[in-house]
Amino acid sequence: MLNQYGYPSPEQVKSKFPSLEILVKPKAIVECYEKIPCNPCSTSCPFKAITIGEDINNTPVVDFDKCTGCGICVYSCPGLAITVCEVLEDKVRFKIPYEFLPIPKQGELWHAVNRKGEVIGEAYIEKVTLTPRQDKTQLVQVLVDKELLYEFVTIRSQDYE
Amino acid sequence: MILNRDLVIIGAGPSGLCAAKMAAEAGQKVLLIDRNPQLGGQLIKQTHMFFGSEKQYAKTRGFDIAKKLIDDVKKYPDLVEIWDNSTVVGLYSDKVLTVLTGETYRKVQAKAIIVATGASEKVLAFENNDLPGIYGAGAVQTLMNVYGVKPGEKIVMVGSGNIGLIVSYQLMQAGVKVLAVIEAAKVIGGYKVHASKLRRLGVDIITSCTIKKAIGKDKVEKIVTVRLNEKWEEIPGTEKEYEVDAVCIAVGLSPLTNLLAMIGCELKYVGELGGLVPVLSKDYETTIEGVYACGDASGIEEASSAMVEGYITGLAAAKKLGKVHPQYDELMVDLRKQLDILRSGPFGEKIRKGLAKLEGVKEVC
């Protein structure tokens, strides 16, 4: 599926999520399924929570005990393959990387989009950060419905045709 | 009049710049020649973050890597002389180069030469492939990312290697609709993280599919695609039309070895490395003593490998001319290890196969 269409199977996606008990705190979901020579997620983590090892072709392994969900890896991943996820009472909070215009604004409602690019619901924009350290990759914090936990991956402007 | 220079590096892309930096660090005088007004080669159009490790500037955007590499060589103004806007038009077996800068034609006698000329894009044969609006991916990146010009409004990308996927993403960022990425092979060619970035934007990636023809009067207006079977034969009845005003072709690169052929280096056809490539020693020396080749000119790979090869070649060429870098041995060990790691994963398999074929040639010689 991934090799042919560019999106992972639901099983692949779920394999990257820790249990719901762990997700009561924000944790990095690293969707890196393929051995490629790359390791910025690991070297950028201030808590040494992501391990790749000396062979940079290894896929990353997240230690959810160490991960604080800070989001530094989200904008450090050249493949934009990392989000941070936190399960709340009836919503899920995500921090996602975003590299498009217009820049979302706090309080706006955007489309919630799945890995196939389909609109699956609404995303409430809680916060947008763009510091020089992020090097032009915006970090967007959103709230989506809880049932979208394993579905949601990005946002799209409701004005986009 | 003939100008005398010690080490001449042809091409100031990632590989040539890294070669110049290392040679200068060793104390070697360098003449760095590039045909473009801006140094940096393809890096100046790369707006995405690079892969690899920190040593190859991973997570830095390509155009920022270009700035760093240019700064590196400009730290040695007494050692590195730069001729930009200058095309090497001839390379002769006595190491004489002829160089055209605007209307000025100069002859240079070199003691050693590094050819880091990069690559050219492969083209694809289909009906009306010469209609205006049909671009190579390099041209699309130059228009968009160097000059800020949109190549079209509705586009189809042909080829799903890393270049096809990355340029599609950049087109979407620029507000161009990418209707589909088509790929003749059964699976996506590039990194799946790049494919997933596109797919979540709603871009269709269609494998086992190629472009059959372009239609249009003065420029491309439509294209017809067709699905391919296991034997890469067209499947009748699977044709599909797309209304487009541009098509981008990203079907691979070929090493630019014209100058190497002119000087008489031994070349060998290795499909895995992109076509004709020079037979090289471990130090990137060709079959002509004192003539080196590195980067895409010696075989198509990622820019991260091109940089590392450049460092190795710069060290080796400086040593040949009597300037041994104080950390020569340690650097060589580390750089070769970096290359091995970059080539060790599944994506390096093709490169490893290609290099093994070249290795075989050397043993025969």
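A: Helices are DSSP runs of H or I with at least four residues, numbered from the N terminus; axes are lines fitted to C-alpha atoms, for helices over the stretch in contact, and angles run from 0 to 180 degrees between N-to-C directions. The model is predicted: local features need pLDDT of at least 70, side-chain atom pairs count only at pLDDT 80 or more, and totals for chains, interfaces and linings use all residues. Residues are numbered from 1 along each chain as its sequence is written, and side-chain values use heavy atoms, with hydrogens and water left out.

In chain B, the axes of helix H1 (residues 14-25) and helix H7 (residues 303-320) lie 7 Å apart at an angle of about 35 degrees. Contact means heavy atoms within 4.5 Å. H1(B) contributes residues including Pro14(B), Cys18(B) and Met22(B), while among those of H7(B) are Ala303(B), Met307(B), Gly310(B) and Leu315(B). Eleven residues of this contact are nonpolar, three polar and two charged, where Ala, Val, Leu, Ile, Met, Phe, Trp, Tyr, Cys and Pro count as nonpolar, Asp, Glu, Lys and Arg as charged, and the others, Gly among them, as polar.

A nonpolar core is a set of buried Ala, Val, Leu, Ile, Met, Phe, Trp, Tyr and Cys residues joined through side-chain atoms within 4.5 Å, buried being under 20% relative accessible area (1.4 Å probe, protein chains only). The largest such core has 68 residues, and Ile10(B), Leu69(B) and Leu97(B) have the most contacts inside it. H7(B) gives the most to this core, eight residues. Beyond its neighbours within four places in sequence, Ile10(B) touches residues including Ile33(B), Val88(B), Leu97(B) and Leu259(B).

Technical notes:
Chains lettered and ligands numbered in written order. Helix = DSSP H or I, 4+ residues; strand = E, 2+ residues; numbered from the N terminus. Buried < 20%, exposed > 50% of the residue type's maximum accessible area, 1.4 Å probe, protein only.
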